[in-house]
Amino acid sequence: MHRGERRAKRPNVVMSVFVFLLVSVLAGALFAGLALPFAGLVGVTTATAHDTVQYLPQDLKTAPLAEKTIIQDADGKTIATLYQQNRTPVTLKQISPVMLKAIVAIEDDRFYEHGAIDAKGTLRAMLRNQSSGGVQQGGSSITQQYVKLNLINKARTPEEVKEATAETYERKIAELRYAIAVEKELSKSQILNGYLNLAFFGDRSYGVEAASMHYFGVHAAKLNLPQAAMLAGLVKNPTGYDPIDQPARAKARRDVVLRRMQELNIITAKESAAAIKTPVIDPAKVRVAPSGCANSKYPFFCEYVVSKLKENTAFGKTPEEAENYIETAGLVIKTSLDQRIQAAAQTSINAHSKAGDQAVAAITMVEPGTGLVKAMAQSRQYGSKKGQTAYNYNVEKSYAGGFGGFQNGSTMKAFTIAAAIGKGVPTTYRINSPQTISLGGKEFSTCSGPISVDSYNPKNSTKTIADPSMVDAARASTNTYFLQLSQQIGLCPIATIASKLGMYDAQTMKPLVQVPSFTLGSVGSITPLMLSNAYATFAARGMYCNPQIVTSITIIKTKKALPTPGPNCHRVLSPGVADGVSYVLHQVMLSGGTGAKLNFGKNDLAGKTGTIQNNFAVWFAGYSSQLASAAVVADADPKYEDLARLTLNGKKIGDASGSGTAGPVWETAMQGALQGLPTTKFTKPSDLIIRGNVKDLPYLKGMTPAEAGAKLLSMGFKVVMSHGDRVDSDAPAGTVAWTTPRQEDGAPAGSIVTLIISNGSKAQPPVTPPVIPPVIPPTIKPPPNIPTCMPWDPKCHPRRGG
């Protein structure tokens, strides 16, 4: 455009449409003029009107209907519903014919006779509005209402919603033009169907199907006359005619619809009268469709599902966009939740804790080999009241509801066991492990180089033998053994295995800190979900699977499946190493182990206790071949306190421990979850993993050192005597009490075997046989003819001299 050029003045749009309508009515071209696009008005309207309406919008671009999303458990049962608009779209054939008649009768009785616009009604409304100086009367056809509802449905911001609902001539005019285009593209049936799926019927019910189910508990196809009339009357003012809050006004409005249907000869007077006598609704049949995770039976699990979905960039570039998509896209989201196992977990929580406790209890249960999270339960219920919480104590702090875990204590020893076995250390490996040990200044190798601390004097919380094997140390949770073992094999292999098994700091989302006390759990915050899933890897013989919450996503309308991450399983440990860990942790559950009181049934079980410094939290984690779980009892309220001072199950905890406090939560949950399932046993590891590359040692107890030494030398071993004091033993003093290595452990071929000599302190004293006096027979005199001695007896022949 040249600078001196002037833009043509845009005509008065309102006046142009008014002229158009007036000309159409006067010309008798009502139907023809309104059913055609404005572009085809040449020869029917004035040139001015034609020039004006070219500025009006032409094609109505519709947005997908906002539909509710359903979250299901593993069996396909609904556990939560998410929506911004409670809507279930249906086809026209899925709507009762009487409903179609009722809505047309009260909203636009000439719907099938006129085009996009009921010109007589619109003209009448415009004349009244013009005289009043504002928009006082609508006169909208069903097509126009359909257009308006579509514009509202497309709105994504408050500003767009305001623009789509503004009572202005500009909006009405835009609707008129859109309506004309719609009537050209769609049939009357299609428009009516779309309108009934879009319309708002009050109480968060959008569309006739959702409204029918909500108010009457029946599908739209089953609506009867009074029900259809009530719904048809609601559209005009869903709040004012709400049958729940305003039953009298709702009935009056419904009866208006019924009388209008009678006037139009759609129903008879008798049918109208009978319907009017019918109660507007039966309150007992009203169905509330709860929305959101807060209304779910499993709110914490539901929120975790939604948080994971919001991480999927396919649903939106931002979490907000993803959330909007999830709540409007009409999805079926199937999850891993097993309601039977969930019930077992929650039953255990309820049996061992109370909502008002100062301490919290939580447990997560995972299926080995799939990563499917079967259950997630905790003692504090969801909510904002006293004793309730919005925190999920089972998961990481990567979303608003995640608490972010607790230190996990000696449950970390399982990763040390795995690393040691992986390096060829047999489970029989012994280390002298005193009750207290000084590790100040001792170097520990990490992935970043050696570290040490100036002063570190850890001690054992339980008593153990002087030189425990790996099995002995696990059974008694001997701290000084595992600290020395971790120093010998290095922290890096342990941390690497823990990382591969999904362990990281659930507060910071960073790797665990490699410190000398790594094997004791001073590494960061761990969640029950993380720990149960890591232990599931041992149960799955070294196959690690990412925790799987969502198993499938399907669009309801199209039945199209959307891509989901799915099971991501890969081998991180050899079967032998994993079996070795299970072998060691299984011994913990047997007589004498810290988990012995928690053992039950015929399944092989493995487990490990955990207690953190200052007793802020205690753990028990364990598994069978079918299920792994981790239970924690902790103080979740800063300033954190020793659990001994807090209450659990309505009473003071006192002596808090992994086996005695968290253990029962684990045991009861696992008992319930495994009930009815086939019995399983662990795969026994090879002798090489259990004892290493060794030869059998003979049984030498009670032998003299010379005898024992000769026996060992003959088998190719070297022999030395212990230089220490003789030891307490039930072997006789001076004989062999035991050897190092032990007889049951074996020893590498040609290696040195040390003989440990008994002091006999526990030996049974020899039993001295009682002294029995000799029996002296009575003296019998020989017969006189029998000599007193025999002839060959020299005594009978005195030596003669001579």
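Predicted model: local features only at pLDDT ≥ 70, side-chain atom pairs only at ≥ 80, totals over all residues.
Which residue forms a disulfide with Cys-293?

**View 1. The disulfide of Cys-293 and Cys-302.** Cys-302 is the partner of Cys-293, and the two sulfur atoms lie 2.0 Å apart. The torsion about this S-S bond is about -65 degrees, so the link is left-handed. Cys-293 has a relative accessibility of 9% and counts as buried because the cut-off is under 20%. Cys-302 is also buried, at 0% relative accessible area.

**View 2. The disulfide of Cys-447 and Cys-492.** The sulfur atoms of this pair are 2.0 Å apart. The S-S torsion is about 95 degrees, which makes the disulfide right-handed. The pair links distant parts of the chain, 45 residues apart: Cys-447 sits in the loop between strand E8 (444–446) and strand E9 (449–451), and Cys-492 belongs to helix H20 (residues 491–500). Cys-447 is partly exposed, with a relative accessible area of 42%. Cys-492 is partly exposed as well, with 22%.

**View 3. The disulfide of Cys-545 and Cys-569.** Here the S to S distance is 2.1 Å. With 110 degrees about the S-S bond, the link is right-handed. Cys-545 is in strand E10 (residues 543–545) and Cys-569 is in strand E13 (residues 569–571), so the bond ties together parts that are 24 residues apart in sequence. Cys-545 is buried, with a relative accessible area of 3%, whereas Cys-569 is partly exposed, with 28%.

Key. Residues numbered from 1 in each chain as written. Heavy atoms only, no water. Disulfide = S-S within 2.5 Å. Buried < 20%, exposed > 50% of the residue type's maximum accessible area, 1.4 Å probe, protein only. Helix = DSSP H or I, 4+ residues; strand = E, 2+ residues; numbered from the N terminus.
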